[in-house]
Amino acid sequence: MNDLNIYCDEYDFSAVGSAFKGEYSSDAPLAAEIVFVSAEEIRGLNAKFRGKDAVTDVLSFPTLDGIRGRLIQKADFPYDIGENGEIFIGSVVICEERAKEQAEEYAHSYRRELNYLVVHGLCHLLGYDHMEKDEEEDMFRRQKEILEIAGIPRE
């Protein structure tokens, strides 16, 4: 079963969720939430959880550890099963203000930037990281592929 259901009140990211098929293996659908916050709110979260007193574009809060490359089974995460039977993998928090600024800086659409940040955050929830050069190359390559599958190529 390889469904990744993305819950967001503001936007529909179902194409992104579908593009993650094959990225993981699980015996139940996975679920993640996307939350939008102000610049001040994300700055506070960044300071509290990363020790960086600065506005950032996206933060990820995974609920499951060590899942990359493993079969994700409900039996291993009984406290992370939602009422729909989905395994909750975490939250992605995005600063819309920063996303809009970056869309202008990178000369692409706000839609592209927003989807990029969602994919980036979801990759973190699934165990990707970019602390080391080889990890960064792998993660950024996968982000690009997922965005292309979702129909959101670089403009």
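Trainee: What makes up the lining of the second largest pocket, by class?

Mentor: That lining has 4 nonpolar, 3 polar and 4 charged residues. Here Ala, Val, Leu, Ile, Met, Phe, Trp, Tyr, Cys and Pro count as nonpolar, Asp, Glu, Lys and Arg as charged, and the others, Gly among them, as polar. Before we go on, this is a predicted model, where local features need pLDDT of at least 70 and side-chain atom pairs count only at pLDDT 80 or more, while totals for chains, interfaces and linings use all residues. Residues are numbered from 1 along each chain as its sequence is written, and side-chain values use heavy atoms, with hydrogens and water left out.

Trainee: Which residues line the second largest pocket, and which element gives the most to its lining?

Mentor: Among them are Asp-57, Gln-102, Tyr-106, Arg-112, Tyr-116, His-120 and Arg-154. A lining residue has an atom within 4 Å of a pocket point; a pocket is an open set of points on a 1 Å grid where a 1.4 Å probe fits, with protein on both sides within 12 Å along at least five of seven lines. Helix 4 gives the most, with 5 residues. The space in this pocket is about 190 Å³.

Trainee: And what volume has the largest pocket?

Mentor: About 390 Å³, the space filled by probe spheres set on the points. Of its 15 lining residues, Arg-50, Leu-59, Ser-60, His-124 and His-130 are the closest to the centre. Helix 2 (39–50), strand 4 (58–62) and helix 4 each give two or more residues to this lining, and strand 4 gives the most, with 5.

Trainee: How do you know that the span of helix 4 agrees with its number of residues?

Mentor: The expected span is 1.5 Å times one less than the number of residues. For helix 4 (residues 110–125) this should be 22 Å, and the end C-alpha atoms are 23 Å apart, which agrees. Helix 2 passes too: its 12 residues should span 16 Å, and its end C-alpha atoms are 16 Å apart.

Trainee: Which residues of helix 2 are buried?

Mentor: Ala-39, Ile-42 and Asn-46. They cover an arc of only 65° around the axis, so they lie on the same side of helix 2. The arc is that of the directions from the helix axis to the C-beta atoms. On the other side, Glu-40 and Lys-48 are exposed.

Trainee: Why does Ala-107 count as exposed?

Mentor: Its relative accessibility is 66%, so Ala-107 counts as exposed. Ala-107 sits in the loop between helix 3 (96–105) and helix 4, and its phi is near 55°, positive in a residue other than glycine. Most residues other than glycine have a negative phi.

Trainee: What makes strand 3 mostly covered?

Mentor: In strand 3 (residues 30–37), 6 of the 8 residues are buried. Helices (H or I, at least four residues) and strands (E, at least two) are DSSP runs, numbered from the N terminus.

Key:
Buried < 20%, exposed > 50% of the residue type's maximum accessible area, 1.4 Å probe, protein only.
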